[in-house]
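This report concerns helix packing and ligand contacts. Please consult the sequence and structure shown here alongside the text.

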Amino acid sequence: MNKKILYTDLAIYIFLAITLLIQTSCKSSDDSLNSSNKESKSFFAMDTYITLTAYGEDTDNGLKAAEDEINTLENLWSVTDENSEIYRINHSGGQAVEVSPQTAELLGFSLDMHERTEGAFDITLYPVLTAWGFTTDEYHVPDDEEISALLKNTGVQNISLDDRSVRIPDDMQIDLGAVGKGYAGDLVAQRLKSNGVSSALIDIGGNIQTVGVKPDGEKWTVGIRSPFGEGNFATLEIGECAVVTSGGYERYFVDDGKTYWHILDPKTGKPADSGLASVTVIGSEGKLCDALSTSLFVMGLDKSEKLWKESDDFEMIIVTSDGGIYITEGIENDFVINEELTDTKASVIRR
Ligand code: ADP
Ligand code: MG
């Protein structure tokens, strides 16, 4: 008798299990018909908020791999983590340090960008940034003597990079804050793709990078942040690319009525004062867009225009301190200023 009940129970269990199985498999095949399955992951890393959004059926592995990638890179590039490669370089006492391929690649790229921007991009400013308090949030205006003493130990010409071996002088400290998030975007995009994700939006503290186009085949619409207040002043339609903005509004302090921000002119050791409020760079490489957004902010409108004319790997949106908007011709048809700014027009820079 008991046995019979047991068999009946078993039959019911098997029936339920099979029904459940059919339901689950129906559900997943239903979902696969719906191409706009969306999954997001938000977390804090690299000193900023990160949101990864992937579309498609199988996004779990891609998103997990992408998050792991960011954490790995943060562990390599953090200036304050005693185990990071950058920390080891900065505390090497002038000795050569062996680094990972990713760090070697980013250092080599940063040295090239120093050349390409005629010195505006400089990864050796860390001690000067510290004197201003930008690395500790204990802001103060250093005097000219202190700045010129610190500037003596800057300059990328004293960095030697031989394959994966890096050597910097004892008194020098480097930081990849102006380029690391952009390169992380590139590597995360690669991770998502190699895990089968063909449509994704990567937002690393406002640095945007996309994989493919939207699941419906349309372009992505990204907002361009106003440097003068909250919210966006324009939108930009993009395919697969990176969009990176740098501006004085991102990190700053006010002393005696004057505003000081975190992007320094390597020549003066003081906040870059080139008449710009923000620079957005659009291109296929996140690391290039990130490095350029910082450097063009230092270089100002005329030099940025000159560099763009000599190049073919980026487009830009520049907002000047007096509210002028300049865009390059490659994005002319994809850039729209918000309706409420009726009298505002962008000047188009042409080759
Ligand atoms: P954010 O990282 O705030 O989005 P950026 O990409 O423009 O903005 O990077 C700014 C950071 O880069 C600063 O916080 C500082 O660490 C570093 N930095 C400041 N000035 C320069 C410069 N001229 N060249 C390279 N790095 C710089
Ligand atoms: Mg940058």
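Predicted model: local features only at pLDDT ≥ 70, side-chain atom pairs only at ≥ 80, totals over all residues.

## Packing of α2 and α7

Helix α2, spanning residues 60–77, packs on helix α7, residues 180–194, at an angle of about 150 degrees, and their axes lie 9 Å apart. Because angles over 145 degrees count as roughly antiparallel, α2 is roughly antiparallel to α7. The crossing of these two helices is right-handed.

On the α2 side, the contact involves G62, L63, A65, A66, E69, I70, L73 and W77; these meet G180, Y183, A184, L187, V188, R191 and L192 of α7. Classified by residue type, this contact of α2 with α7 comprises 11 nonpolar, 2 polar and 2 charged residues.

## Packing of α4 and α8

Helix α4 (residues 101–116) and helix α8 (residues 286–299) cross at roughly 45 degrees, with axes that come within 11 Å. The two helices, α4 and α8, are therefore oblique to each other. The crossing of α4 with α8 is right-handed.

From α4, residues E105, L106, F109, M113 and R116 meet K287, L288, A291 and L292 of α8. The contact of α4 with α8 contains 6 nonpolar and 3 charged residues, and no polar ones.

Ligand 1 has 18 residues around it, of which K181, S246, H262, L264 and T294 come nearest.

A polar side-chain atom of D290 lies 3.0 Å from an oxygen atom of ligand 1.

Notes: Residues numbered from 1 in each chain as written. Chains lettered and ligands numbered in written order. Heavy atoms only, no water. Axes fitted to C-alpha atoms, helices over the stretch in contact; angles between N-to-C directions. Helix = DSSP H or I, 4+ residues; strand = E, 2+ residues; numbered from the N terminus. Parallel < 35°, antiparallel > 145°, perpendicular 65-115°, else oblique. Left-handed = near helix turned anticlockwise from the far one by under 90°. Contact = heavy atoms within 4.5 Å. Nonpolar A, V, L, I, M, F, W, Y, C, P; charged D, E, K, R; others polar. Near = heavy atom within 4 Å. Polar contact = N/O pair within 3.5 Å; in protein donor to acceptor, adjacent residues only side chain to side chain.
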